[in-house]
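User: Hi, I have just opened this one and would like a careful walk through it. Could you take me around?

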Amino acid sequence: MSSQVTAKDITPSQTVGPFFGYALPFAGGGDVAPVGDPRAVTLHGRVLDGEGRPVPDALLEFWQASPEGSRAGAPGSMRRDPVTGAVLGRHGVDFTGFGRVAVDADGHYTLRTLPPPADAPYLGVVVFARGLLHHLHTRAYLPGHEDDSLLRGLPADRRATLLAVRERDGVHRFDIRLQGDPGKETVFLEFR
């Protein structure tokens with residue numbers, strides 16, 4: 001007796017999550033810059049699907065060097081209290097270089113940070129969201145920080161998806177499109 005597997009016998013594929021809301025987001029996760037630092041800038045935007053609809057359950061991580069070029073961040077900036085989940089090492093005085101922000105129901109996020117240095121002129125962004133089996137890596141470049149070899153190697157329409165748009169002094173918008181037309185979908189990077 002032979003056994004054959006048919007399409008009706010195969011378990012349908014399942015996406016993972018989202019399970020981000022319980023343990024990963026933390027209070028003040030978008031406050032990378034020290035409180036009251038006059039150099040602080042706000043980066044905000046939305047995470048959108050291929051049809052331009054908000055992705056309401058995405059989680060974003062931001063990594064960057066300090067304006068002086070240090071990539072270490074403040075000691076303990078990622079240490080958490082195992083009982084409350086509060087960040088123990090983030091006291092609002094030191095630049096941490098790391099932020100973790102959950103988007104709201106409209107797919108919106110806000111990050112307060114310092115401008116990156118000229119030798120690493122971007123914020124590294126990692127996107128976790130429903131339907132993604134692997135997280136996505138991209139970069140956000142603030143106005144005035146566009147002189148980078150990665151940007152120079154991209155066609156103008158693709159380059160534009162990595163450039164934050166200045167809305168007013170100290171406030172920049174950076175939307176992340178997970179799919180869509182090549183001129184609109186955010187450029188994602190592959191690490192090997």
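Predicted model: local features only at pLDDT ≥ 70, side-chain atom pairs only at ≥ 80, totals over all residues.

User: Thanks. How many helices and strands does the protein come to?

Analyst: The protein has two helices and nine strands, and read from the N terminus the elements follow the order β-β-β-β-β-β-α-α-β-β-β. Of its 192 residues, 39% count as buried.

User: And what share of the contacts comes from residues 24 or more positions apart?

Analyst: Among contacts in the protein with a separation of 6 or more, 68% are between residues 24 or more positions apart.

User: Let's move to the sheet. What order do the strands of the open sheet have?

Analyst: The open sheet has four strands in the order β3-β2-β5-β6, and their pairing is antiparallel. At the edges stand β3 and β6 (136-140), each with a single partner strand, so one side of each is left without a neighbour in the sheet. On average, and with direction ignored, neighbouring strands of this sheet are turned by 25° against each other.

User: How many bridges join β2 to β5?

Analyst: There are five bridges between β2 and β5, which run antiparallel. Along this pairing, L59 stands opposite F128, L60 stands opposite V127, and E61 has V126 as its bridge partner.

User: What about the other pairings, β2 with β3 and β5 with β6?

Analyst: β2 and β3 also pair in the antiparallel sense, over five bridges, and there L59 has A102 of β3 as its bridge partner. β5 and β6 likewise pair in the antiparallel sense over five bridges, with L123 standing opposite A140 in β6.

User: Is β5 enclosed or open, going by how many of its residues are buried?

Analyst: Five of the six residues of β5 are buried, so this strand is largely enclosed by the rest of the structure. β2 is mostly covered as well, with four of its five residues buried.

User: Which residues of the largest nonpolar core touch the most other members?

Analyst: That core has 25 residues, and those touching the most other members are L43, V47, L60, F62, Y109 and I176. At least two residues of this core are supplied by each of β1 (41-48), β2 (59-63), β4 (108-113) and β5 (123-128). There is also a second, separate core of eight residues, which includes Y141, L151, L154 and L162.

User: New topic, rings. How many aromatic pairs does a search of the whole structure find?

Analyst: The search finds three aromatic pairs. One of them is formed by W63 and F98, a tilted pair with 4.4 Å from centre to centre and 55° between the planes. W63 lies in strand β2 and F98 in strand β3 (residues 98-102), so this pair ties together parts that are 35 residues apart in sequence.

User: Is F98 buried or exposed?

Analyst: F98 is buried, with a relative accessible area of 3%, whereas W63 counts as partly exposed at 39% relative accessibility.

User: Which ring does the charged end of R139 sit over?

Analyst: The charged end of R139 sits over the ring of Y122, at 3.7 Å from the centre of that ring.

User: Last, the loops. Where is G97 found, and what is G97 in contact with?

Analyst: G97 is in the loop between β2 and β3 and, at 7% relative accessibility, counts as buried. Leaving aside neighbours within four places in sequence, G97 is in contact with V32, F62, W63 and Q64. The C-alpha atoms of G97 and F62 are separated by 7.8 Å, although these residues are 35 residues apart along the chain.

User: And G144, is that one buried or exposed?

Analyst: G144 counts as exposed, at 66% relative accessibility, and lies in the loop between β6 and α1 (149-152). Between the C-alpha atoms of G144 and A118, which are 26 residues apart along the chain, the separation is 9.4 Å.

Terms used:
Residues numbered from 1 in each chain as written. Heavy atoms only, no water. Core = buried A, V, L, I, M, F, W, Y, C linked by side-chain atoms within 4.5 Å. Buried < 20%, exposed > 50% of the residue type's maximum accessible area, 1.4 Å probe, protein only. Phe/Tyr/Trp six-rings, centres within 6.5 Å; stacked < 30°, edge-to-face > 60°. Lys NZ or Arg CZ within 6 Å of the ring centre and 35° of its normal. Pairing = 2+ DSSP bridges. Axes fitted to C-alpha atoms, helices over the stretch in contact; angles between N-to-C directions. Contact = heavy atoms within 4.5 Å.
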